[in-house]
Amino acid sequence: MAAFNVTPSDPLTFILAGVPGLEAVHVWISIPFSIFYISGVFGNLTVLFVVGKEQTLHKPMYLLLCMLALTDIVTPSCVLPKALCIFWFNLKDITMAGCFTQLFILHGCVAMHSAVLVLMAFDRYVAICNPLRYPTILTLTRVAKLGLVGLLRALFLVLPLPLLLSRLPFCANRVIPSTYCDHIAVAKVSCGDITVNSMYALVIVFLGVGLDLTLIAVSYGLIIRAVLRISSKKAPQKTLNTCTAHLCVMLTSYPVFLFSSLTHRFGQAIAPYVHIILANLFYLLTPVLNPIIYGAKTKELREKVGKYACSKSSHLGVININPA
């Protein structure tokens with residue numbers, strides 16, 4: 001069998017190598033990846049369906065949860081189809097336009113995901129520190145507008161990435177050691193100077209994500225200060241319990257993202273496949289965990305999902321009893 005030619009013949013084509021060093025087990029890697037993807041899409045579609053159908057859930061917190069669910073559907077859908085083409089069919093070619101489009105959507109979703117987490121922290125701050133003004137401060141219209149601002153910010157932050165890449169020269173060897181197109185990974189295969197690309201990527205990490213984490217920290221600092229002023233012994237714990245879902249989602253999102261981003265730039269001693277596996281887990285596993293976390297920690301959502309699940313089971317039971 002002829003060896004795979006890693007040098008693309010089309011000058012506007014890149015080669016996605018998959019998971020470097022683990023090519024022999026690509027098919028096996030695709031199994032958990034596919035399970036994560038299907039589970040994540042199903043869970044987030046369930047959240048969107050239940051919130052959309054239930055009038056009692058048409059509240060700011062659940063609108064933000066729907067925004068999070070949308071990003072958790074789009075993000076893995078941008079990564080996995082091409083990864084499966086690599087794992088199953090050895091289809092590693094991707095056009096430059098396709099590559100730049102993928103990284104634009106991918107990085108945009110990550111920026112939007114971070115923006116939604118900031119809005120969720122603000123939602124918890126208002127609900128705990130200004131509960132009487134909550135209905136007037138955070139209306140559905142205002143939350144939708146804040147979500148639009150977050151989306152525009154994400155687009156403006158990410159738009160320079162493909163533009164900066166398009167100015168770079170790419171020589172014969174255009175093999176990207178990954179399952180998807182990432183800004184720095186694509187820049188590294190260029191035969192030109194990528195200093196500006198590297199600097200701007202760090203600006204996004206520290207100014208974008210760093211600013212978001214700062215705003216979240218300030219929100220929780222004010223929440224803790226307000227909780228400590230409550231005289232009742234049980235009230236602080238009950239109040240903080242309303243924040244646990246948001247805190248758990250942040251713990252599944254930011255640490256893995258920051259570790260993956262920084263080791264991709266500075267962790268030369270770490271094996272390449274570790275970078276790729278961690279990055280894919282961030283894009284695939286986080287969307288699985290988020291609806292589970294909010295379903296487990298939010299009683300109102302959990303009850304509504306349970307109601308639809310029981311209703312579906314009862315309907316199937318009736319069909320089985322009365323096949324005619």
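These legends accompany several close-up views of a predicted model.

View 1. Let's start with helix α5, which covers residues 140-158. The buried residues of α5 are Val143, Gly147, Gly150, Ala154, Leu157 and Val158. Looking down the axis of α5, you will find these buried residues within an arc of 90 degrees, so they line one face of the helix. A handy reminder here: with 3.6 residues a turn, an α-helix has residues three or four places apart pointing the same way. Turned away from the buried side is a face with the exposed residues Thr141, Lys145, Val149 and Phe156. Among the elements covering the buried residues of α5 are α2 (60-89), α3 (96-129), α6 (160-166) and α8 (195-228).

**View 2. Phe14 and Phe170, an edge-to-face aromatic pair.** The whole structure holds eight aromatic pairs, and one of them is formed by Phe14 and Phe170. Their ring centres are 5.1 Å apart, with 85 degrees between the planes. Phe14 belongs to strand β1 (residues 13-16), while Phe170 sits in the loop between α6 and β3 (175-176), so this pair ties together parts that are 156 residues apart in sequence. Both Phe14 and Phe170 are buried. Keep an eye out for Phe100 too: together with Phe14 and Phe170, Phe100 makes up one aromatic cluster.

**View 3. Lys307 over the ring of Tyr308.** Here a charge meets an aromatic ring: the charged end of Lys307 sits over Tyr308, 5.1 Å from the ring centre.

**View 4. Ile223 within helix α8.** Ile223 is a residue of helix α8, and its relative accessibility of 0% is why Ile223 counts as buried. Which residues are in contact with Ile223, leaving aside neighbours within four places in sequence? They are Ala121, Arg124, Tyr125, Ile128, Cys129, Leu240 and Cys243.

**View 5. Asn290 within helix α11.** Our last stop is Asn290, found in helix α11 (residues 272-297). Asn290 has a relative accessibility of 2% and therefore counts as buried. Beyond its neighbours within four places in sequence, Asn290 is in contact with Leu68, Asp72, His113, Val249 and Thr252.

Key
Residues are numbered from 1 along each chain as its sequence is written. This is a predicted model: local features need pLDDT of at least 70, side-chain atom pairs count only at pLDDT 80 or more; totals for chains, interfaces and linings use all residues. Side-chain values use heavy atoms; hydrogens and water are left out. Helices (H or I, at least four residues) and strands (E, at least two) are DSSP runs, numbered from the N terminus. Buried means under 20% relative accessible area, exposed over 50%, partly exposed in between (1.4 Å probe, protein chains only). Contact means heavy atoms within 4.5 Å. The expected span of a helix is 1.5 Å times one less than its number of residues. The arc is that of the directions from the helix axis to the C-beta atoms. Rings of Phe, Tyr and Trp (its six-membered ring) pair if their centres lie within 6.5 Å; planes under 30 degrees apart count as stacked, over 60 as edge-to-face and the rest as tilted. A charge sits over a ring if NZ of Lys or CZ of Arg is within 6 Å of the ring centre and within 35 degrees of the ring normal.
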